[in-house]
Amino acid sequence: MGEVEQVSALIGDIYDASLDPALWCPLLQQIGNFVGGPAAALYAKDLVQKTGNLFFSYGVEPEFTQNYFDKFVRFDPFTTSRFFFPVEQVISRKDITPHEAFRQTTFFKEWANPQGWIDFVSASLEKSHVSYAECGIFRHEKDGVTDEEARRKMHLIIPHVRRAVSIGKIVDLKKADADLFADVLDGISAGLVLVDEAERIVHCNASGLKMLEDGIVISGAGGKLTSYRRILVTA
């Protein structure tokens, strides 16, 4: 099969996956075979909490996947640097850090090297203010570092992967950002209540909720904030 036919068939499979999530893992294997790499993943990363969510993957052992999101995501040179490249721009390790410097990182020594990974070619699919979703292919020692051919092939399919992810509504970074914002507020020890212009309560952290339940200083009767002592800052 020539490359034109191969790409055409792959694009068809990409859009099939947008309608059937069960097809994503075998699709990632196809993408890895096409670009050049024995493993691939579709995931999102959060730059504030330095963690992420794995949506689909192929070729990475579950133990290493768990270790990555539990610990090594914060040591990965890609985690923060990737955010500063435009959506759909294909990048690899050399766009982030020199090869020898990469080999000296904790991430390489303790996570990538034990699996034989020496490079990674990827492109972001969606970005928000503090997070991004990405599709990436791992390069093994036998594959060599990412070359221009791998970049070219990745560039051919990434726009379609991005559209398929959007069609399938796999990634919702806006909701993730809202959840993160709520987590940040809940981490504040002082009581905090956010209201709209009509003083309707839109969010309160754990301490603020307790204050509302106690009903001594403030009340949330009818979903509206009533303050017996005007000491709150509204937003």
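This is a predicted model: local features need pLDDT of at least 70, side-chain atom pairs count only at pLDDT 80 or more; totals for chains, interfaces and linings use all residues.

Q: Great. How many helices and strands does the chain have?
A: Its secondary structure comes to nine helices and eight strands. Both are DSSP runs numbered from the N terminus: helices are H or I with at least four residues, strands E with at least two.

Q: And what share of the chain is buried?
A: Buried residues make up 43% of the 235 residues. Buried means under 20% relative accessible area, exposed is over 50%, and partly exposed lies in between (1.4 Å probe, protein chains only).

Q: On to packing: how do helix 1 and helix 7 cross?
A: The axes of helix 1 (residues 3-19) and helix 7 (residues 148-167) come within 8 Å and cross at roughly 25°. Axes here are lines fitted to C-alpha atoms, for helices over the stretch in contact, and angles run from 0 to 180 degrees between N-to-C directions. The two helices are therefore roughly parallel to each other. For the wording, angles under 35 degrees count as roughly parallel, over 145 as roughly antiparallel, 65 to 115 as roughly perpendicular and the rest as oblique.

Q: Which residues make that contact?
A: From helix 1, they include V7, L10, I11 and I14, and from helix 7, they include L156, I157, H160 and V161. Contact means heavy atoms within 4.5 Å. By class, this contact of helix 1 with helix 7 has 11 nonpolar, two polar and five charged residues. Ala, Val, Leu, Ile, Met, Phe, Trp, Tyr, Cys and Pro count as nonpolar, Asp, Glu, Lys and Arg as charged, and the others, Gly among them, as polar.

Q: What about helix 2 against helix 7: roughly parallel or antiparallel?
A: Roughly antiparallel. The axes of helix 2 (residues 24-35) and helix 7 come within 9 Å and cross at roughly 160°. W24, I31, F34 and V35 make the contact from helix 2, while the helix 7 side includes M154, I157 and A164.

Q: Where is T146, and what is it in contact with?
A: T146 lies in the loop between strand 4 (131-140) and helix 7, and is buried, with a relative accessible area of 7%. Leaving aside neighbours within four places in sequence, T146 is in contact with S92, D119, F120, V121, R139 and R151.

Q: How far apart are S131 and K45?
A: They are 86 residues apart in sequence and 5.6 Å apart in space, C-alpha to C-alpha. S131 is found in strand 4 and counts as buried at 3% relative accessibility.

Q: Last one: what is the phi of K50?
A: Near 55°, a positive value in a residue other than glycine. Most residues other than glycine have a negative phi. K50 sits in the loop between strand 1 (39-46) and strand 2 (51-58). E88 also has a positive phi, about 80°, although E88 is not a glycine.

Key
Residues are numbered from 1 along each chain as its sequence is written. Side-chain values use heavy atoms; hydrogens and water are left out.
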